[in-house]
Amino acid sequence: MDSPAAGDYQGMLSKKKMDHGRFEDPYRQKYLCWINKNAKDEVLFCIRLIGPDKNPTGPVESIDLASCKLETEDKNKFSILRTGQEQIKLKAESVPEAEDWKRQLQAAISLALVKKEVSKPLPAPKPQAQSAAAAASSAAETSAAGADAKDSKVADKAPAAKSDPPPPAPKPVIEEPPNITVLVQEIQHLPQLDEGGGPTDVYAVAAIGPTQPTYRSPWTRALG
């Protein structure tokens, strides 16, 4: 841009000639200066020489303020320090004008630094390193899983424990009916009691249940 745009801070400043003569005024040459804030990623301080006809002439020198520092020398003098380059010494016509330029330049330098920082590409995300605690926990879980698997294999190989055989089933107890017992007793004792009876007399006795009386034939009752 060869001339300031609308809204740019601008004015006339004298730039010091670094290789001036002994009796030469070092601030004799005047320049049209302005601050260009319209660039997307930078803020520029622009300088253009004013010719004998008091019109801007020659190329425009643009300085990226993100790499500059402002330094005050005198009441109406200040310098722009550039990293790795020659400094620019400027002089305003009056002290108030110099103070305005200092404020504008300092604000422009701050803005230039912000734009530079914002325009930086975002770094590629780095893979997150596993923390020591997480690594130890993972190792412990792996070790525990291995131990469980080993114990499982040992358990599979171990012989199965022999179980005791079931106890034998109890034998059924057959109770002899009381009537049969009485009948047998009567049969055993009748031959001894019956002196004249025969086998027929023995079978004449009958036992009918444990709670009922025993009935005998008339000829057997005499024996009792």
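Predicted model: local features only at pLDDT ≥ 70, side-chain atom pairs only at ≥ 80, totals over all residues.
Residues are numbered from 1 along each chain as its sequence is written, and side-chain values use heavy atoms, with hydrogens and water left out. Local features need pLDDT of at least 70 and side-chain atom pairs count only at pLDDT 80 or more, while totals for chains, interfaces and linings use all residues. The chain has five helices and seven strands; helices (H or I, at least four residues) and strands (E, at least two) are DSSP runs, numbered from the N terminus.

**Overall fold and confidence**

- Along the sequence, the elements follow the pattern β-β-β-β-β-β-β-α-α-α-α-α.
- Of the 224 residues, 24% count as buried, where buried means under 20% relative accessible area, exposed over 50%, and partly exposed in between (1.4 Å probe, protein chains only).
- Among contacts with a separation of 6 or more, 42% are between residues 24 or more positions apart; a contact means heavy atoms within 4.5 Å.
- The chain has a mean pLDDT of 73, with 60% of its residues at 70 or more; pLDDT is the predictor's confidence in each residue, from 0 to 100.
- Residues 177-195 have pLDDT below 50, and this stretch has 21 contacts in the model beyond near neighbours in sequence.
- Residues 197-224 also have pLDDT below 50, with 32 contacts in the model beyond near neighbours in sequence.

**Strand pairing**

- Strand β1 (residues 9-15) and β2 run antiparallel and are joined by six bridges; two strands pair if DSSP finds at least two bridges between them.
- Within this pairing, Y9 has I35 of β2 as its bridge partner.
- Strand β2 is also joined by six bridges to strand β3 (residues 44-50), again antiparallel, and C33 is partnered with I47 in β3.
- Strand β2 (residues 30-36) is mostly covered, with six of its seven residues buried.
- Strands β5 and β6 pair in the antiparallel sense over six bridges and form a hairpin with two residues between them.
- In that pair, D74 stands opposite K77 in β6.

**Helix α1**

- Helix α1 (residues 95-118) has 24 residues and should span 34 Å at 1.5 Å a residue; its end C-alpha atoms are 35 Å apart, which agrees. The expected span is 1.5 Å times one less than the number of residues.
- Buried residues of α1 are A98, W101, K102, L105, A108, I109, A112 and K115.
- An α-helix has 3.6 residues a turn, so residues three or four places apart point the same way.
- The buried residues of α1 pack against β1, β2, β3, β5 (68-74) and β6 (77-82).
- At the start of α1, a side-chain oxygen of S94 comes to within 3.3 Å of the backbone nitrogen of E97. A polar contact is a pair of N or O atoms within 3.5 Å; within protein, one must be able to donate a hydrogen and the other to accept it, and residues adjacent in sequence count only if both atoms are side-chain atoms.

**Cysteines**

- The count of disulfides is zero, a disulfide being a pair of cysteine sulfur atoms within 2.5 Å.
- C33 is in no disulfide, and the nearest cysteine sulfur, that of C46, is 9.3 Å away.
- C33 is buried, at 0% relative accessible area, and C68 is buried too, at 9%.

**Selected loop and strand residues**

- K16 is in the loop between β1 and β2 and is partly exposed, because its relative accessible area is 24%.
- Setting aside residues up to four places away in sequence, K16 touches P26, Y27 and K89.
- K16 and K30 are 14 residues apart along the chain, and their C-alpha atoms are separated by 9.1 Å.
- A92 lies in the loop between β7 (88-91) and α1 and counts as buried at 3% relative accessibility.
- Apart from neighbours within four places in sequence, A92 is in contact with L13, N76, E97 and A98.
- A92 and K30 are 62 residues apart in sequence and 9.8 Å apart in space, C-alpha to C-alpha.
- N36, in strand β2, is buried with a relative accessible area of 7%.
- A polar atom of the N36 side chain lies 2.9 Å from the backbone nitrogen of N38.
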